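Subject: Structure handover

Hello,

Here is the structure you are taking over. My notes on what was found in it follow below.

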Amino acid sequence: YSSEQKEATIIGDLTKYDQLPQNYIDCFICTQTLNFIYDFKEAVKGMHSILKPNGVALVTVGGISQISRYDADRWGDFWRFNPQGIEKAFQEVFGKDNVTIHVYGNSYAATMFLNGFATEDCNKAKLNAIDEDYPITIAIVAKKQ
């Protein structure tokens, strides 16, 4: 953020999207945040409202995970998502044909993650395999029509 580009920073509450600029940006990137917003469905509406037509929301949410004590003690840690549920939530706002989901994780990766292993301590081939039944991170690409 620089003083010459004040319009590059928007401070607001995604769940109060009527207070945000409408049809304003081309791309909204939101990583690992919806887990900590209690009314995440309103936040999805907020993402939609701030995007210009043909704008894209690039979002990740946590699936399998431990509680984030830091966040839980400050503002809340409310959700762990499954691909089917988060896809449906985005489709309700963006439309069924405008949402794509990608799942990252597998049982080995989940076990290593939950036990606090660093990637350097893991078998890379096993770590990078995808098994949609063990979603650690779910990525959503949602396009506004």
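A salt bridge is a side-chain nitrogen of Lys or Arg within 4 Å of a carboxyl oxygen of Asp or Glu.

Before the rest, some ground rules. This is a predicted model, in which local features need pLDDT of at least 70 and side-chain atom pairs count only at pLDDT 80 or more, whereas totals for chains, interfaces and linings use all residues. Residues are numbered from 1 along each chain as its sequence is written, and side-chain values use heavy atoms, with hydrogens and water left out.

Surroundings of K144

K144 sits in the segment after strand 4 (137–143). Helices (H or I, at least four residues) and strands (E, at least two) are DSSP runs, numbered from the N terminus. A polar atom of the K144 side chain lies 2.7 Å from the backbone oxygen of L51. That pair is a polar contact, defined as N or O atoms within 3.5 Å; within protein, one must be able to donate a hydrogen and the other to accept it, and residues adjacent in sequence count only if both atoms are side-chain atoms. Setting aside residues up to four places away in sequence, K144 touches N23, H48, S49, L51, K52, P53, N54, G55 and F94. Contact means heavy atoms within 4.5 Å.

Overall layout

The protein chain has five helices and four strands, and along the sequence they follow the pattern β-α-β-α-α-β-α-α-β. Its C-alpha atoms fill a box of roughly 45 × 35 × 30 Å, taken along the principal axes. Of the 145 residues, 35% count as buried. Among contacts between residues at least 6 apart in sequence, 77% join residues at least 24 apart.

Salt bridges

Side chains of opposite charge can pair when their charged atoms come close. The whole structure has six salt bridges, including these:

- K45 with E42, at 3.0 Å, N to O. The two are three residues apart in helix 1 (residues 40–50), so about one helical turn separates them. K45 is partly exposed, at 34% relative accessibility.
- R69 with D73, at 3.2 Å, N to O. These are four residues apart in helix 2 (residues 69–74), again separated by about one helical turn. D73 is exposed, at 54%.
- R80 with D77, at 2.7 Å, N to O. R80 is partly exposed, with a relative accessible area of 30%, whereas D77 is buried, at 13%.

Nonpolar cores

In soluble globular proteins, nonpolar side chains tend to be buried together. A nonpolar core is taken as a set of buried Ala, Val, Leu, Ile, Met, Phe, Trp, Tyr and Cys residues joined through side-chain atoms within 4.5 Å. The largest one has 27 residues, of which L34, M47, V59, I86, F90 and I140 touch the most other members. At least two residues of this core come from each of strand 1 (25–31), helix 1, strand 2 (51–62), helix 3 (83–94), strand 3 (99–104) and strand 4. Helix 1 gives the largest share, five residues. Leaving out residues up to four places away in sequence, M47 touches L14, F28, C30, L34, A57, V59, F90 and F94. Apart from this core lies another, of six residues, among them A110, M112, C122 and L127.

A110 belongs to helix 4 (residues 107–114) and is buried, at 6% relative accessible area. Beyond its neighbours within four places in sequence, A110 is in contact with I64 and I136. P135 is 25 residues from A110 in sequence, and their C-alpha atoms are 8.1 Å apart.

Cysteines

A disulfide is a covalent bond between the sulfur atoms of two cysteines. The cut-off used is a pair of cysteine sulfur atoms within 2.5 Å, and the search of the whole structure finds zero. For C27, the closest cysteine sulfur is that of C30, which at 11 Å is too far for a bond. C27 is partly exposed, at 37%, while C122 is buried, at 9%.

Regards

Methods:
Buried means under 20% relative accessible area, exposed over 50%, partly exposed in between (1.4 Å probe, protein chains only).
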